[in-house]
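Me: I am new to this structure and would like to learn how to read its features. Could we take them one at a time?

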Amino acid sequence: MNKKTWPKSNADACIRCTTCMAVCPVSRVTPKFPGPKQAGPAAARFRRPGEPSADDWIDLCIGCHLCDMVCSSGVNVSELNLIAKAKYLDEKGRPFRDWLLTHSYLWGQLGSFFSPLINLLFKNPVIKWMGEVILKIDRRRELPGYEFLTFRQWFNRKPTKGNPKIAYFYGCYTNTNEVDVGKATVQVLEANGFEVTLPPQRCCGIAMLGNGDFKGAKKMARYNIPSLLNTIHSGSKIVFSSTSCGHMIKHQYSHLLSIPSAEEVAQHLFDVFEFLRNLKESNSLNTHFKELSLKAAYFTPCHLRALGMGIPALEILRLIPGLQIDQIEADCCGMGGTFGFKKEKYEISEEIGKDLKEAIDRLNPEMILTDCEGCRIQIRHLTGLKVLHPIQILRDALQNDG
Amino acid sequence: MRYDLIIIGMGLSGLMAAKTAAGEGKKVLIVGKGMGALCLLSNTIDVLGQFPKIIRMRDNLFQWIKDHPQHPYSKVGLEKIEEALNSFLSLFPPPYSFQTVDHMNCLIPTGAGTLRPTYFIPITMVEGTSLNEGKALIVGLKGFKDFYAHYVADQLKCRGVNVSLSDLLHGEITTTYLGRLMEKNSFIKNIGREIKKQLNGENLIGFPALLGVHDPIQVKNNLEEIIGAKVFEIPTLPPSIPGMRIFNRFKEWLIQKGVTFLLGYPVSKVTLKGKKCEGIEVSHPPVTTSYSADRYILASGRFMGGGLEGTAEKIFEPIFHLPIPQPQSRGGWFEKKFFTVSPHRIHRVGILTNNAFQPIDERGGLILENVWVAGSILAHHHFIDEKSREGIEITTGYWATKKAME
Ligand code: SF4
Ligand code: SF4
């Protein structure tokens, strides 16, 4: 079976070899989930469109794609799970909580504007307790705070410079919660001589898709694709800094959501470090780095693995003098986007995270670097360490001329 | 992206090729459609298991090479076989190291209760090689269906027990779940005490190969301290935790050395010009990425990993379309009986190479100048029968790469 031509369900390609069972982070920490071989291809053979869903554990698949990566027979296990999950949740009904968690883009602007108040409320134990009781959002989680000035607002106040143009898909979280990631991306691209533009964009919809809401995700995709297509037609490539948004647009829009022209967009869409690695390959990367004496550890997000490009951030960061960077030997942080916020899943999320924490403890770094916001939230929660996007460190290393 | 060497296949031979090239400072890309069979089949390192226990492996190999001039081992040669095996061993410094029993094949008990000849074994399995009747207690876990203690024990003429623990009361339990629990001190304490209660004169414990992924020696020591008896691992049904330890170690080492590690997507196309490969394409729908290198290693495995494919009429190699000499028709693929003394012919087909592991046609003509072939996809071996899988993968992965870099 060729992964090139994945049909919607190719359960019969499974030879039941169990390779996927070696890597699934969820079945490693709980017997409640039977693992990819059973949850995906084996159960898919018994699922019929008209019949009610029988597997209530299907909702426990975190959607990490690790099973897809290791399967030599080309079974799209996580996709089979997602389709089954969507059907199960359609039948069972989705809690209001899931709607809240997947539509945060709706109040991101508001959240920013009222951030001083909201951030206080988010830390308030009574609010957190209510969140747990009423909404089933686990109170042990810190809710991510909003920043007063959004990334887009910052960008619009900034003078433009450089040539040629490069477009940037920053994603919701960068816009309202981790503005410095956006700033750093822009600054690094400008330091390499590019003029950054921000095409009109909305949430990529990955949280909805992960919660089995195909309709909601498609709505997002139908807004983003025409806008990104315009950008491409004007002759510009697009980079993203969030590997989750990037994977969603590049690989899920076309295949899973069948959005017209998504394939064309995918050809011109790059992870920011993949883009920088290409510059390095053509000897045009700005490598005037200052020395950073720092012992950091890098974690590979699942969606970065699934992007199938190696680990470009690691390759670029290794060029910075003085920076000691180790790769963390662990798969999946356990956050799974919105998964880890849910009360009924918090424990699984934390158990997966514990394995990651142990791997981090073995390295004993001063700081953690990782490209995905979900991983950053989780690692901060687990370790209390400073956790940044690798682009922020690269920006720091480039700030020596000015 | 341009590399010095691109390796196609992420099984043991591909990993070994990557290690060999990266060890010499080359810029390497390794691409695998899937994870290869390490985590399924490999617990120990077979070299030539079909030989009796009492002869030193070096002498086995010497004789074997003399008798089988076309075999991959004969192309590598005795001296380089040892060099390759040492290179593999160097990845596993103590505490979790591999060793032989007096440089000869040894017999280890398996999850089927049989004794299986093999050569290098992880230190966690050593005590299992000196199993005397009645000496060992074989321990299984209730709810874990991939290891039947009584079945194994019966055949080994030992006693078997199934311990049940409150941590394991939920239905079905998987290998990785148990392997992870074994790394928790509280769990080890509980299970250690349970096992201790069951002892009846035995001073050795046979336990399924689940003593943790990260630090099996620590787990073994802790368990032994609580029980007061030596513990050894017995390979189970797949997935194999000892195989995962091997894979993880390679992966960690290779990424540390700067190897680009591309797992999960198949090579969809190769570009050839004359007798040279100019580039490969890796397909990741809807995107295809091109990579090129000076040299290429094909280590894509056999039927299970997709290195060889079969239709109703013929067997072919799907990436470079290298010729596969094979029986005239499907009728010649198999012997009349499934269990036969002589191996089925289909298991012998593979890629023909010269002594440098470059692909050749049946008349000996070189097909591609910058491609080398390694691992089980090669012709003229029968690793199932010879019990030589890992040995062939390690030595050809190593030597084909050395040749490629000359
Ligand atoms: S899904 Fe793939 S890896 Fe998992 S058992 Fe089936 S064939 Fe093997
Ligand atoms: S996507 Fe991840 S969590 Fe889901 S079955 Fe596959 S490996 Fe397990």
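Reply: Start with residue classes: Ala, Val, Leu, Ile, Met, Phe, Trp, Tyr, Cys and Pro count as nonpolar, Asp, Glu, Lys and Arg as charged, and the others, Gly among them, as polar. Keep in mind that this is a predicted model.

Me: By class, which residues make up the shell around ligand 1?

Reply: The shell holds 8 nonpolar, 3 polar and 2 charged residues.

Me: Which residues are the closest to ligand 1?

Reply: A residue is counted here if one of its heavy atoms lies within 4 Å of the molecule. Ligand 1 has 13 residues around it, and the closest are A:Cys14, A:Cys17, A:Thr18, A:Cys20 and A:Cys71. The largest cavity is the space that ligand 1 takes.

Me: How is chain A divided?

Reply: Domain bounds come from an automatic or database assignment. In chain A, domain 1 covers 11-92 and domain 2 covers 288-397. Their contact draws 14 residues from domain 1 of chain A and 15 residues from domain 2 of chain A. The centres of these two domains, taken over C-alpha atoms, are 26 Å apart.

Me: How much area do the two domains of chain A bury between them?

Reply: Buried area is what two parts lose in accessible area on being put together, summed over both. Domain 1 and domain 2 of chain A bury about 1,200 Å², with 74% of it on carbon and sulfur atoms. On the domain 1 side, A:Val29, A:Ile62 and A:Leu66 supply 39% of the area buried against domain 2, more than any other three residues.

Me: How many salt bridges cross that interface?

Reply: The rule asks for a side-chain nitrogen of Lys or Arg within 4 Å of a carboxyl oxygen of Asp or Glu. It finds 2 salt bridges between domain 1 and domain 2 of chain A.

Me: What is the area buried between chain B and chain A?

Reply: It is about 3,800 Å², and carbon and sulfur atoms give 55% of it. The contact involves 42 residues from chain B and 49 residues from chain A. The count of salt bridges between these chains is 5. A:Glu358 pairs with B:Lys184 in a salt bridge whose closest N and O atoms are 3.7 Å apart.

Key. Residues are numbered from 1 along each chain as its sequence is written. Chains are lettered from A and ligands numbered from 1 in the order in which they are written. This is a predicted model: local features need pLDDT of at least 70, side-chain atom pairs count only at pLDDT 80 or more; totals for chains, interfaces and linings use all residues. Side-chain values use heavy atoms; hydrogens and water are left out. On a 1 Å grid over the protein atoms alone, a cavity is a set of points where a 1.4 Å probe fits but cannot get out, and a pocket is an open set with protein on both sides within 12 Å along at least five of seven lines; lining residues have an atom within 4 Å of a point. A molecule sits in a cavity or pocket if more than half of its atoms lie within 2 Å of its grid points. Contact means heavy atoms within 4.5 Å. Buried area is the accessible area (1.4 Å probe) that two parts lose on being put together, summed over both.
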